[in-house]
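The tour moves from one selection to the next.

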Amino acid sequence: MNTIAIFGDLLYDCFIWADRLPREGETVTGTASGFFASGKGGNQAATCARLGAEALMLGKVGSDERGAFLLQTMRENGVNTDGVIVSGDQATGTDCVLVAADGRNAIVVAPNANASVTPEEVDAMRPYFERAEVAVFQLQINADAVARAMRLARECGAKVILNPAPACEIPDEMFALADYVTPNETEAEFFTNEYRDDMSLSEWRERAAKALHARGAKRVIITMGGAGAYYSGPDEAFMTPAFRISAVDTTAAGDAFNGGLAVRLAAGDSIRSAMRYASACGAIAAMRRGSIPSLPSEDEVNAFLNEHVEE
């Protein structure tokens, strides 16, 4: 069994589904609601575990009912939570997610405990990074802690994936520390100032990838939803087409993609094979509601790929 360390956020999700997203100042009546364990880190860890890897979750929650719920849900999904810090003076991170009928969403996050990880707490996580073939990072934890943890993962010999989300200002060093940088289209625009506007998709993705390489990124994967995913590395560049699906809720699709990518890279797959597998994970998640409830199992991904051989 391959081991993945996921250093990231854990969030208590409040979901509301509606026919459409509200405009500023507008109240819209929802059609359903739910409460889930989530966070980009939590979603990616649960994906890795469901896909058969040993998933080591590293992060921070509060010593409240929401934190207990998150840890219990992680364990129920097969995630090792021994490396999650329980804070007595910070509340558990919480977010509100609005989802429209066409799958588009709007999210507001209060990071709380996620934003308070200290250098000493990161250093204590070394044993977990020493066990991992791949380490995955996002930006919902304070950036200084993420950078320190990325350096630690590299020292321990793990392949490093940086999913730079949500987009925020970070030093170029963090791009250089990663073996793979995986922004979505909006995040790639933010980090490069290369806005698509009237550019063709092919021109924009090449310009954005080039700009990310200039910031230190070795290998870039830009996820673009229904347009597929673009890889740019030292030796090749190519598109992985998206699977033809009807999206219901895209909230955790990117996390499912990154989890699937980590699992297959840890297993030694080629980047082309890993990206196709990751795309299948994202497609399955987009066809379901919620965050962790939408994430696929290994058997589901294999069945999906067998049904979509020609795509």
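Start by selecting valine 220 and serine 232: the valine stands opposite this serine, which lies in strand 12. The model is a predicted one.

Now widen the selection to strand 11 (residues 220-223) and strand 12. The two strands run antiparallel and are joined by 4 bridges. They form a hairpin with 5 residues between them. In that turn, pick glycine 225, which has a positive phi of about 60°.

Select tyrosine 231 and you will find phenylalanine 238 of strand 13 opposite.

Stay on strand 12 (residues 229-232) and show its side chains. In a regular strand, side chains alternate between the two faces of the sheet. Which residues are on each side of strand 12, and are they buried or exposed? Ala229 and Tyr231 are on one side, Tyr230 and Ser232 are on the other, and all are buried.

Nonpolar side chains tend to be buried together in soluble globular proteins. To look at the largest nonpolar core, select Ile4, Ile221, Leu261 and Ile271, which touch the most other members among its 51 residues. Then color helix 10: 10 residues of this core come from that helix, the largest share. A second, separate core has 45 residues, including Val146, Cys156, Met199 and Val220.

Go back to isoleucine 4 and show what surrounds it. Leaving aside neighbours within four places in sequence, isoleucine 4 is in contact with residues including Cys48, Leu56, Val134, Val136 and Ala262. Glu54 is also one of its contacts.

**The largest pocket**

Switch to a surface view and find the largest pocket, with a volume of about 1,200 Å³. Select Asn184, Thr250, Thr251, Ala253 and Gly254; of the 48 lining residues, these are the closest to the pocket centre. Which helix gives the largest share of the lining? Helix 9 does, with 5 residues.

Other elements to color are strand 2 (11-18), helix 1 (40-50), strand 6 (94-99), strand 7 (105-110), helix 7 (185-192) and helix 10 (271-286), each of which supplies at least two lining residues. Finally, color the lining by class: 19 residues are nonpolar, 21 polar and 8 charged.

How values were computed:
Residues numbered from 1 in each chain as written. Predicted model: local features only at pLDDT ≥ 70, side-chain atom pairs only at ≥ 80, totals over all residues. Heavy atoms only, no water. 1 Å grid on protein atoms, 1.4 Å probe; cavity = no way out; pocket = protein on both sides within 12 Å on 5 of 7 lines; lining within 4 Å. Points joined across faces, edges and corners; volume = space filled by probe spheres on them. Nonpolar A, V, L, I, M, F, W, Y, C, P; charged D, E, K, R; others polar. Buried < 20%, exposed > 50% of the residue type's maximum accessible area, 1.4 Å probe, protein only. Pairing = 2+ DSSP bridges. Core = buried A, V, L, I, M, F, W, Y, C linked by side-chain atoms within 4.5 Å. Contact = heavy atoms within 4.5 Å.
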